[in-house]
Amino acid sequence: MNIESNYRQALSTRIQKIAQIPESEAAEFVRLFSLKKLAEKQHLLRAGDAARDAAFIATGAVREYFTDNSGNDFNKNFAFAGEFTGSYYDLLSGKPSIASIETLTVTELLIAPFYHVAKFYERSAEWQRVARVTAENLFLKKARREYEFISMTAVERYRQFIAENAAMLDKIPQYHLASYLGITPVALSRIRKRVEKSLIINPG
């Protein structure tokens, strides 16, 4: 089995964990996707372009971000191997994308036209479940992020992030993490030192 076949199998397994999809249909579904390899800091999607593709990250990591009128970037999400990306809002709206997606490392993705992916969602209740669960997971992630910004301090947000993404921290430049947390890189440096010091004093 070659690398692309391994990635397709990973996608099939991901889908079948969500719903009881027959093997034959799962195999047909993953054949929609083709392998694409992007270098570090290469864009999968740029704001203003049409969002057309759904993507499954096989290896690597991406950031999803907005850019304001002054050219400042604001990271809204990171996505890693085993997760989907593609700016779901922009795929559904059919309008020029308001978000951009850029790789943080060399990244391999399985990519398919969202139009064809969505056609599978119309096939059966089980495929509708795949669509619903995927959308629900995105909603939960967004709602939780909004809650964290309203209810948690920057230190608490940082602790939460590293607790959930410790294995991925080396893939995220600190200035991108600072943007995601809504603070400056200088503030993040101070928070890191504070948190690291507390871990030394209170290990475990």
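Analyst: Searching the whole structure, which is a predicted model, turns up one cavity of 30 Å³ or more. The largest cavity has a volume of about 40 Å³. What lines the largest cavity? The residues are Glu 40, Lys 41, Glu 102, Thr 103, Leu 104, Pro 173, Tyr 175 and His 176. Sorted by class, the lining of the cavity has three nonpolar, two polar and three charged residues.

Now turn to the open space. The largest pocket holds about 1,400 Å³ of space. Its lining counts 46 residues. Glu 64, Asn 77, Asn 137, Leu 138 and Lys 141 are the ones that lie nearest the centre of the pocket. By class, 25 of the lining residues are nonpolar, eight are polar and 13 are charged. Which helix gives the largest share of the pocket lining? That is helix H5 (residues 125-151), with 13 residues.

Helix H1 (residues 3-18) packs against H5, with axes that come within 9 Å and cross at roughly 95°. An angle from 65 to 115 degrees counts as roughly perpendicular, so H1 and H5 are roughly perpendicular to each other. On the H1 side, the contact is made by Arg 14, Ile 15 and Ile 18. On the H5 side, Trp 127, Arg 129, Val 130, Val 133, Thr 134 and Asn 137 take part. Five residues of this contact are nonpolar, two are polar and two are charged. Notice Asn 137: this H5 residue touches H1, and Asn 137 is also among the residues nearest the pocket centre.

H5 has another partner, H6. The axes of H5 and H6 come within 9 Å and cross at roughly 145°. H5 brings Arg 144, Glu 148, Phe 149 and Ser 151 to the contact. H6 brings Glu 156, Arg 157, Gln 160 and Glu 164. Here the classes are one nonpolar, two polar and five charged.

Follow H6 onward to H7. Helix H6 (residues 154-165) and helix H7 (residues 174-181) pack at an angle of about 120°, their axes 10 Å apart. H6 and H7 are therefore oblique to each other. H6 passes H7 in a right-handed crossing. Arg 157, Tyr 158 and Phe 161 of H6 meet Leu 177, Tyr 180 and Leu 181 of H7. By class, this contact has five nonpolar, no polar and one charged residues.

H5, in turn, packs with H6 and gives 13 residues to the lining of the largest pocket.

Definitions and conventions: Residues numbered from 1 in each chain as written. Predicted model: local features only at pLDDT ≥ 70, side-chain atom pairs only at ≥ 80, totals over all residues. Heavy atoms only, no water. 1 Å grid on protein atoms, 1.4 Å probe; cavity = no way out; pocket = protein on both sides within 12 Å on 5 of 7 lines; lining within 4 Å. Points joined across faces, edges and corners; volume = space filled by probe spheres on them. Helix = DSSP H or I, 4+ residues; strand = E, 2+ residues; numbered from the N terminus. Nonpolar A, V, L, I, M, F, W, Y, C, P; charged D, E, K, R; others polar. Axes fitted to C-alpha atoms, helices over the stretch in contact; angles between N-to-C directions. Parallel < 35°, antiparallel > 145°, perpendicular 65-115°, else oblique. Left-handed = near helix turned anticlockwise from the far one by under 90°. Contact = heavy atoms within 4.5 Å.
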